[in-house]
Amino acid sequence: MGKRIGMEVGIAAAEAVGLCNIDVAAVYPITPQSHIAEHLSDIVHDGRIDAEFITVESEHSSISACVGASATGARVYTATSSQGLMYMHEVLPIVAAMRLPVVMGNANRAIAGPLNIWNDHSDIMNQRDCGWIVMHAENGQEVIDMTIQSFKIAEHPDVMLPTVLNMDGFQLTHMIEPLEFPTQEEVNKFLPDRVPFATLHPDKPVSMGCFNMPEIFTETMKVKDTALINSKKTIIKIWNEWGKQFGRYYKPVETYKSKGAETLILTVGSMGETASVAVDEMKKAGKSVGLVKLRLWRPFPLEELRAAIKGCKTLVVMDRSVTFGGIGGPVATEIKSLIFHDKDRPRIINYLMGLGGRDVTVEDFISMVERAAKKKDETYEFYGVRE
Amino acid sequence: MNTVENFEIFAPRLIDKRELFCPGHRACQGCGEVLALRLIMKALGEDTVVSNATGCMEIVSTAYPHTAWEVPYIHVAFENAAAVGSGVEAGLKALRRKGKIADRYVKSVAIAGDGGTVDIGLQALSGAMERGHDLAFFCLDNEAYMNTGIQRSSATPFMAATTTSPAGKAIKGQRTGKKNLPEIMVAHNIPYVATACPSYPIDLMNKVEKARNIKGPAYVHVFSVCPTGWRGASNETIKLGRMAVETGFFPLYEVENGKYRLTMEYTEKRRPMEDYLKLQGRFRHLDPADIAKVQALVDKEFRKLMHKVETSVPWS
Ligand SMILES: Cc1ncc(C[n+]2csc(CCOP(=O)(O)OP(=O)(O)O)c2C)c(N)n1
Ligand code: SF4
Ligand SMILES: [Mg+2]
């Protein structure tokens with residue numbers, strides 16, 4: 001392990017990719033992902049790694065080029081954000097159905113309209129039914145670690161699925177943090193070469209992307225679902241391998257002072273760090289509050305979540321995007337429906353907050369928990385909205 | 001046009017007997033696209049990876065678990081064949097350079113219909129050509145979105161009736177002329193652009209071979225008769241292709257490093273458009289004045305092309 005250095009997280013994401021012996025990257029710039037794109041092109045143009053860097057004319061083409069390259073057996077990377085991810089949307093379910101590993105970094109940003117370049121999770125939440133492995137990093141070190149882990153997860157013969165690593169735009173991508181990089185030798189030891197299942201090569205011609213008649217389509221969908229569900233085992237295994245080698249352990253659901261707490265805050269992404277400070281303050285004030293953080297969003301870690309929230313009375317779910325039309329936020333909605341039949345399930349209070357870059361402070365978390373205690377029903381609230 | 005007559009004598013000796021695009025596909029009788037595809041694949045040979053756009057050729061050849069493809073083949077979506085082909089090229093190049101696959105040249109080609117090329121696929125195509133990938137792109141132009149039921153594209157010819165440019169009482173079919181995509185490709189400064197038609201198989205295959213051998217971007221626009229969509233007879237596909245060329249509506253030419261050259265010369269007077277139009281139901285509604293308008297447009301486009309043939313010089 002190298003020494004700690006101060007570096008912007010977006011740059012660090014590109015540096016992490018640079019350690020992974022990629023063959024092809026296809027990237028189209030968009031704020032706040034652009035530093036990843038720029039720095040990765042620096043790494044390639046300076047000859048630090050041997051890879052093809054395709055400066056595509058759009059995100060639709062970046063993901064399409066990644067599909068083509070991955071189908072030849074190459075290790076591929078792309079990164080995007082917001083409108084770019086939306087523009088890729090058509091291709092995303094196809095990548096998963098074709099079982100082609102593609103590793104993506106997504107700098108979370110609100111989707112238009114109206115146009116807004118700042119952070120929330122509406123971009124990734126709009127892709128949730130695509131069949132990708134969806135993970136969230138909370139800080140810069142996790143961005144480095146999870147970027148490297150992503151290649152091993154995506155390419156693993158028991159997985160063979162695309163992965164997207166979410167990092168909050170600006171609030172994470174543009175922070176300068178003290179970071180530790182593994183050495184090249186350490187990464188080589190952790191991350192073996194890709195061994196593809198089938199490739200586009202005349203030595204053994206295959207047809208990929210054949211269309212399905214109704215007689216077989218349902219079966220294909222079930223296979224896609226099963227593949228994603230089954231990937232959880234391998235993801236956890238690979239996270240444990242990482243922990244053993246590097247001493248930093250990763251879990252699908254992380255907890256902070258959650259044992260025995262009556263009220264639990266549930267967060268996704270970088271806001272977990274602010275929430276943990278709020279938990280400390282509330283604990284100091286004698287409140288029974290803890291924190292649960294979803295690292296893995298797809299496949300959904302239901303057992304791990306159940307274990308983490310067991311015994312709590314109120315679960316305060318923080319959603320950084322909106323499922324419009326009277327439903328609330330996607331994270332709360334899903335948790336509600338998944339634990340609906342559970343005996344003694346907690347009351348779920350849902351806040352739609354931190355939208356389009358709205359700052360969420362320690363005081364905000366404290367205030368949300370206090371208000372949650374007074375709420376009678378389980379409806380959602382746009383926190384801090386000015387009427 | 002002797003080549004075509006001699007073709008019958010020489011073909012067995014010249015042309016690979018193997019079919020890389022196989023019988024058993026589900027194309028309509030007399031489909032010009034499928035004939036073009038078969039000849040293209042013969043000329044490309046087995047060291048080829050095909051990236052195909054959604055459209056008739058994809059649908060007729062790849063109903064899971066069947067495939068008509070003997071070469072590695074990938075279909076992803078409608079508008080992105082060129083982008084997928086770029087990725088295939090980059091992947092093969094990197095893997096070969098890094099010693100991860102055998103050190104053997106394999107050509108990446110992309111194939112799309114006119115819709116997948118001149119309309120929804122134009123951005124991806126322009127990007128791929130501009131970036132200089134070693135990618136040959138083949139447009140199979142049957143002048144409409146046939147797979148979805150004969151809707152107009154920007155390659156549909158002036159006044160042709162389609163299901164979205166019907167021959168109505170107020171508007172008689174397609175309102176505009178054909179978008180000139182070969183010209184747009186020439187403007188990308190790529191080394192090789194050509195037009196071709198399977199009614200002239202040797203000419204088509206020669207051009208495909210040239211496109212294959214250019215180690216860079218190349219574009220071939222293949223006029224492909226569609227009896228189903230054109231409301232023509234399925235036994236007249238070859239004849240219609242020839243007429244399109246003989247009228248000068250679809251001249252066969254190539255542009256090497258900016259230099260235009262006709263590959264089928266016009267020694268006699270061009271055949272009148274009426275001969276061609278009257279064989280197709282999609283032009284049935286044209287009256288003599290309409291035919292004159294169509295003829296005038298064809299003449300104008302032909303003059304523009306001849307000017308380039310006469311005046312263009314190679315870039316280098
Ligand atoms: C994004 C998108 N829009 C529309 C379609 C529907 N669609 C599929 S094939 C096709 C037309 C294909 O036309 P063309 O490219 O000319 O090929 P042809 O079928 O005529 O050979 C259309 C409109 C689609 N599959 N994807
Ligand atoms: S509709 Fe036309 S292009 Fe499509 S398969 Fe039939 S003849 Fe060929
Ligand atoms: Mg067409």
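Hi everyone, let's start inside chain B: B:Met159 is buried, with a relative accessible area of 5%. Buried here means under 20% relative accessible area, exposed means over 50%, and partly exposed is in between, using a 1.4 Å probe and protein chains only. This is a predicted model, where local features need pLDDT of at least 70, side-chain atom pairs count only at pLDDT 80 or more, and totals for chains, interfaces and linings use all residues. Residues are numbered from 1 along each chain as its sequence is written, chains are lettered from A and ligands numbered from 1 in the order in which they are written, and side-chain values use heavy atoms, with hydrogens and water left out.

Back to B:Met159. Its phi is near 75°, a positive value in a residue other than glycine. You'll find B:Met159 in the loop between strand E4 (135-141) and helix H7 (181-186) of chain B; helices (H or I, at least four residues) and strands (E, at least two) are DSSP runs, numbered from the N terminus. B:Asn257 also has a positive phi, about 45°, although it is not a glycine. B:Asn257 is partly exposed, with a relative accessible area of 30%.

Now, ligand 1. Which chains surround it? Residues from chains A and B do, so the site is shared between chains. Of the 18 residues around ligand 1, those that come nearest are B:Glu33, B:Cys56, B:Asp114, B:Gly115 and B:Gly116; a residue counts as near if one of its heavy atoms lies within 4 Å. A polar backbone atom of B:Cys56 is 2.8 Å from an oxygen atom of ligand 1. For B:Asn147, a polar backbone atom is 3.0 Å from an oxygen atom of the ligand. The protein covers 77% of the 590 Å² of accessible area that ligand 1 has on its own, by the Shrake-Rupley method with a 1.4 Å probe.

One more residue to look at is B:Glu79. Is it buried or exposed? B:Glu79 is buried yet has no salt bridge, meaning a side-chain nitrogen of Lys or Arg within 4 Å of a carboxyl oxygen of Asp or Glu. The nearest side chain of opposite charge, B:Arg131, is 14 Å away; Lys and Arg count as positive, Asp and Glu as negative, and His and the chain ends are not counted. What B:Glu79 does have is a polar contact of 3.2 Å between its side chain and that of A:His60. Such a contact is a pair of N or O atoms within 3.5 Å; within protein, one must be able to donate a hydrogen and the other to accept it, and residues adjacent in sequence count only if both atoms are side-chain atoms.
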